[in-house]
Structures are given as C-alpha cells and as structure tokens.
Amino acid sequence: MRAAERQHGDRAEAELARRIHELTAAEQFDEASFWSAVAARLKQLHDIKLPGPSVLPKLLNEIDSGKTS
C-alpha cells in the first residue's frame with residue numbers, strides 16, 4: 001500500500017484501479033482481489049481527517065486554558 005503511494009503519489013488510487021481492471025480483464029481474479037483490498041486500505045488511510053495546521057494552534061490554546069469541550 002505504502003509502496004504504491006510512494007511510487008505513484010496522489011495517483012496511487014487511480015493506478016491501483018487501472019491495475020485491478022487489467023487483472024480482471026486477464027481473468028487473474030486472485031491477484032485482482034488482493035489489489036482491491038490494498039486499494040480499499042489506501043482509501044481508508046486517505047479518508048482519515050486530521051486537524052490542519054491552522055486548527056492545531058487554536059486547539060492547543062484551548063487545552064492550555066482548559067476550554068475544551
């Protein structure tokens with residue numbers, strides 16, 4: 001998963017989809033299934049939402065002042 005991301009960057013999901021399509025067309029279903037699982041995990045990783053850099057200083061100030069909810 002990380003290797004695909006390192007090699008293809010932001011296009012990793014698209015590259016995996018292309019590979020899955022080619023493998024399915026070639027009736028290599030076991031390998032296509034493997035890469036489908038890899039693509040699903042990569043999507044889950046990309047879907048994780050973390051606070052951006054502008055949110056973090058405000059959050060830290062709220063924690064320091066005891067104003068967190």
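I started at E13, which I found in helix 2 (residues 12-25). I take helices (H or I, at least four residues) and strands (E, at least two) as DSSP runs, numbered from the N terminus. The model is predicted: local features need pLDDT of at least 70, side-chain atom pairs count only at pLDDT 80 or more, and totals for chains, interfaces and linings use all residues. Residues are numbered from 1 along each chain as its sequence is written, and side-chain values use heavy atoms, with hydrogens and water left out.

**E13**

I looked up its cover: E13 counts as partly exposed because its relative accessibility is 32%. Here buried means under 20% relative accessible area, exposed over 50%, and partly exposed in between (1.4 Å probe, protein chains only). Leaving aside residues up to four places away in sequence, I noted that E13 touches L42, K43 and H46; contact means heavy atoms within 4.5 Å. E13 and L42 are 29 residues apart in sequence, and their C-alpha atoms are 7.3 Å apart.

**Helix 2**

I checked the length next. Helix 2 has 14 residues and reaches 20 Å from its first C-alpha to its last, close to the 20 Å expected at 1.5 Å a residue. The expected span is 1.5 Å times one less than the number of residues. I listed A12, E15, L16, I20 and L23 as buried in helix 2. Seen down the axis, these buried residues fall within an arc of 140 degrees, so they line one face of helix 2. The arc is that of the directions from the helix axis to the C-beta atoms. H21 and A25 are exposed on the other side of helix 2.

**E27**

I then looked past the end of helix 2, which is followed by E27. This residue lies in the loop between helix 2 and helix 3. E27 is not a glycine, yet its phi is positive, about 60 degrees. With a relative accessible area of 60%, E27 is exposed.

**Helix 3**

The same length check went to helix 3 (residues 29-47): its 19 residues should span 27 Å at 1.5 Å a residue, and the end C-alpha atoms are 26 Å apart, which agrees. I recorded A32, W35, V38, A39 and L42 as the buried residues of helix 3. They cover an arc of only 120 degrees around the axis, which puts them on the same side of helix 3. On the other side of helix 3, D30 and Q44 are exposed.

**Rings**

I searched for aromatic pairs, taking rings of Phe, Tyr and Trp (its six-membered ring) with centres within 6.5 Å; planes under 30 degrees apart count as stacked, over 60 as edge-to-face and the rest as tilted. The count by this rule is one aromatic pair. F34 and W35 form it, edge-to-face, at 5.0 Å centre to centre with 80 degrees between the planes. F34 is partly exposed at 47% relative accessibility, whereas W35 is buried at 18%. I also found the charged end of R19 over the ring of W35, 4.4 Å from its centre. The rule requires NZ of Lys or CZ of Arg within 6 Å of the ring centre and within 35 degrees of the ring normal.

**Whole chain**

I closed with totals. The protein chain has four helices and zero strands. Of its 69 residues, 17% count as buried. Among contacts in the chain with a separation of 6 or more, 43% come from residues 24 or more positions apart.
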